[in-house]
Amino acid sequence: MIYPEFFEEKIRFDKVRNLIKEQCLSSMGKERVGEMRFVTLHDVINRWVNQTNEFKQICVSESTFPTSYYIDVRGPLGRIKVEGLYLEERELYDLRRSLSAVKDIVRFFNNKEESNQYPFLREIASKVMVYPYIFDRIDGILNKFGKIKDNASPELAQIRNDKFKKQAGVSRKMASILANARKAGLVDADTNVAIRDGRAVIPVPAGNKRKLNGIIHDESATGKTSFIEPTEIVEVNNEIRELEYAEKREMIRILVNFSDSIRPYLDDLIFSYEFLGIMDFIRAKAKFALQINACLPKMVNHPEVNWEDSVHPLLYLQHKAEEKEVVPLTIKLDTEQRIVLISGPNAGGKSVCLQTVGLLQYMFQCGLLVPMDARSTMGVYNQIFIDIGDQQSIENDLSTYSSHLLNMKHFLRYGTPETLILVDEFGTGTEPALGGAIAEAVLKRFNEMKLNGVITTHYTNLKHYASGINGIENGAMQFDTHQIKPLFKLLIGQPGSSFAFEIARKIGLPEDLLDGAKSQIGEDHINFDKHLREIARDKRYWEQKRDNIRRKDKQLEELSAKYLSELERSKKERNLIIEKARKEAEELVGTANKRIERTIREIKESQAEKEKTKKARVGLNEFKERLEQTDDKQKARIDKEIERIKNRQQRKKNKDEAGPDEVLDEQVEQKVQAPKKLKKKAKPEDDGIIREGDKVKLEGQSLPGEVMSIKGNNASVAFGHMVTSVKVSRLEKISNKQLKQTMRSMNQQSFGSGIAEKVRTKKLSFKPDLDVRGHRGEEAIAIVMNHIDDAIMCEVSEVKILHGKGNGILRTMIREMLNTMPHVKSCKDAHIQEGGSGITIVDLDL
């Protein structure tokens with residue numbers, strides 16, 4: 001049940017209906033859109049929305065779905081139910097094309113049966129009957145241009161053949177008569193044959209009309225030209241006219257026979273067009289869903305609203321055209337939180353929230369997809385009642401408030417736990433105190449009846465009532481107090497301020513006028529509104545803090561992952577380089593061994609002949625030079641090893657002439673083949689004396705430099721791009737290894753150096769004691785919050801806040817705020833000798 005009767009206009013569903021109609025391809029689809037209605041059966045809604053969701057997938061991923069010839073032929077088919085009536089030639093052509101579209105759609109879904117795609121749409125297509133006989137009969141009658149073929153029947157073929165022959169004879173005869181008339185000067189030289197009433201005639205000037213024998217069929221508008229049918233062809237034209245009548249009778253007979261043949265299948269054919277209209281309707285809903293970025297949320301079979309990031313579809317389209325973002329709505333209505341009472345400033349978005357809830361719920365129960373996060377949950381309501389806008393009526397003697405009361409009466413009489421109520425500006429239209437009292441009583445009854453709904457109000461008593469009772473939850477439209485502008489974001493769990501004085505001050509009302517208004521309204525009301533603003537401000541502050549921490553954590557995670565990835569890549573590259581170097585060293589050593597073996601073999605085979613020994617040594621030296629050119633490091637190690645072996649063998653001379661050489665070569669062979677690990681060349685010891693070109697660093701600094709020149713006790717040193725003169729005694733010589741380690745350390749410390757420096761500076765200058773005496777409450781709270789943040793950053797576990805005793809108001813406000821901070825372990829008075837209740841000692845949980 002929907003209330004009132006102009007419900008759709010109130011929530012602007014009529015605009016949605018028109019937008020869906022624009023997506024339809026046929027009048028059949030538009031009829032379905034016009035018949036779209038609110039339903040309460042869970043199975044029906046589930047089937048409808050799943051059909052739309054499947055077609056949405058088709059629109060996104062399938063390009064072969066048939067979308068041509070959605071032609072409505074239900075009227076002509078209904079007409080030929082009467083025996084003797086028939087389909088016209090054009091209607092038969094439309095029937096052929098539209099049935100072809102139906103056949104293509106059915107074939108499309110049949111091809112998806114094996115993959116089990118689109119089950120809800122395939123269920124509809126499975127009920128459609130396609131008769132190949134009808135296609136064959138139509139193809140036997142019509143050509144591809146929708147005209148009846150000459151061979152549709154033997155009789156029609158004979159008639160058209162005779163008609164063609166006679167028309168050809170008439171054309172030849174008319175050409176001859178026209179030529180003679182031109183020669184006789186009866187007609188102009190450029191005159192051609194014309195057609196009047198389906199008969200061939202010759203245009204003749206009025207002065208010569210009696211000179212050409214024939215029948216005058218027509219005259220021009222000016223009367224200067226007469227259209228004459230020559231006597232010689234009158235009889236032939238009469239015969240052609242009779243053949244045309246016979247042709248028409250034969251065509252009608254063919255169409256009647258066809259209509260008689262399909263009359264038994266009319267119900268199935270009409271259902272095919274119902275199917276075509278349903279497909280057009282579902283397609284239009286899917287196209288609209290893509291237009292508003294809608295989806296299919298989770299669905300439950302009971303009243304529930306649990307929406308995340310939902311948007312008003314019409315507002316979304318408007319903002320999309322203007323390239324603006326829509327602030328999404330997140331709201332929840334269930335058994336524990338049945339009614340949300342939304343308060344906040346005017347033009348802050350309360351009515352938009354209300355309309356969004358009503359419109360999206362109505363759209364969903366009409367079978368449409370809704371624009372929200374897919375994780376949302378949609379329930380089913382049996383009734384939706386709304387009270388939005390002014391419904392006063394002069395005819396019925398209804399004022400604005402009277403119309404509101406009539407709506408409340410209807411809600412109270414017919415409302416059930418399965419009813420969703422939407423009330424805008426609850427209780428307005430009469431004296432505020434009385435209207436607020438009545439509104440509170442009605443709200444209490446709504447809660448007792450367990451109705452579900454969204455209500456907007458400015459009344460403070462309703463906010464108080466909602467904050468102290470189960471089933472009703474306060475909601476506030478957020479407001480930027482600094483820029484004095486609404487944020488259009490709903491915050492559940494606290495009432496909202498109307499920000500009336502702030503808005504009035506921004507508009508420019510005199511300050512003395514606002515002060516007078518404050519004194520009249522009372523201190524309690526002002527304080528309540530003030531507390532609401534403070535709560536909203538604190539809420540935004542902590543949300544910003546939380547977002548900053550989340551963003552920083554994400555950045556750190558990304559940076560850590562990047563470093564780990566680079567480290568892993570460096571390890572892989574290092575292993576590859578080591579493996580490559582190892583293989584090259586093995587190949588080099590193997591080649592050297594082979595060459596040495598070959599040289600020794602040549603010396604032995606030549607029996608130590610000096611000339612051949614000399615040649616072998618020359619070859620070995622040439623190979624040695626090539627090794628030196630290939631790898632300097634390998635050369636140094638091999639030279640060192642050969643020199644060491646040669647010195648050792650020199651002390652052990654052999655008696656044989658060639659002995660020393662052979663012994664030397666054997667030892668080289670053994671040393672190269674056996675260890676294969678050569679020791680590194682010893683480095684010269686550092687004498688500590690600083691010379692030009694040495695790497696140095698200045699005492700007390702970590703930045704390394706290079707000595708450019710030395711003059712006496714002073715040296716010119718280049719630190720980066722800066723050259724300076726310093727005493728040599730202040731310089732410390734460093735090795736290349738120390739230089740690399742220093743540069744690597746400086747690179748690692750560069751990340752976050754600015755933040756670390758700030759933290760170190762803050763730790764040096766931070767004082768745990770804070771004095772907020774003389775500050776206003778709001779200023780003191782802001783100062784204390786910043787001080788606690790600094791204390792946590794500096795890792796100080798205890799803070800003292802000096803606020804004074806007075807009436808204890810400032811102390812209470814500060815401690816209430818401290819109790820909401822997550823890192824505050826406890827708050828207590830200082831010792832009586834240290835100030836007692838005038839000082840609060842805060843223990844921080846670090």
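Good morning. I begin with helix 4, whose buried residues are covered by elements including helix 6 (89-111), helix 7 (119-125), helix 11 (266-291), strand 6 (298-299) and helix 13 (350-364). Contact here means heavy atoms within 4.5 Å. Helices (H or I, at least four residues) and strands (E, at least two) are DSSP runs, numbered from the N terminus.

This is a predicted model, in which local features need pLDDT of at least 70 and side-chain atom pairs count only at pLDDT 80 or more, while totals for chains, interfaces and linings use all residues. Residues are numbered from 1 along each chain as its sequence is written, and side-chain values use heavy atoms, with hydrogens and water left out.

Which residues of helix 4 are buried? Among them are V44, I45, V49, F55 and I58. Buried means under 20% relative accessible area, exposed over 50%, and partly exposed in between, with a 1.4 Å probe and protein chains only.

Let us turn to helix 6. Its axis and that of helix 10 (residues 231-262) come within 11 Å and cross at roughly 40 degrees. Helix 6 is therefore oblique to helix 10; angles under 35 degrees count as roughly parallel, over 145 as roughly antiparallel, 65 to 115 as roughly perpendicular and the rest as oblique. Axes are lines fitted to C-alpha atoms, for helices over the stretch in contact, and angles run from 0 to 180 degrees between N-to-C directions. On the side of helix 6, E89, L92 and L95 make the contact; helix 10 contributes M251, L255, F258 and I262.

Four strands form an open sheet in the order 21-22-24-23, with mixed pairing. Strand 21 (769-771) and strand 23 (824-829) stand at the edges with a single partner strand each, so one side of each has no neighbour in the sheet. Two strands pair if DSSP finds at least two bridges between them. Strand 22 (residues 798-802) and strand 24 (residues 839-844) pair in the antiparallel sense over 5 bridges, and E798 has D843 of strand 24 as its bridge partner. Helix 26 (residues 809-819) lies across strand 22, strand 23 and strand 24.

Finally, is E795 buried or exposed? E795 counts as exposed, at 58% relative accessibility. Thank you.
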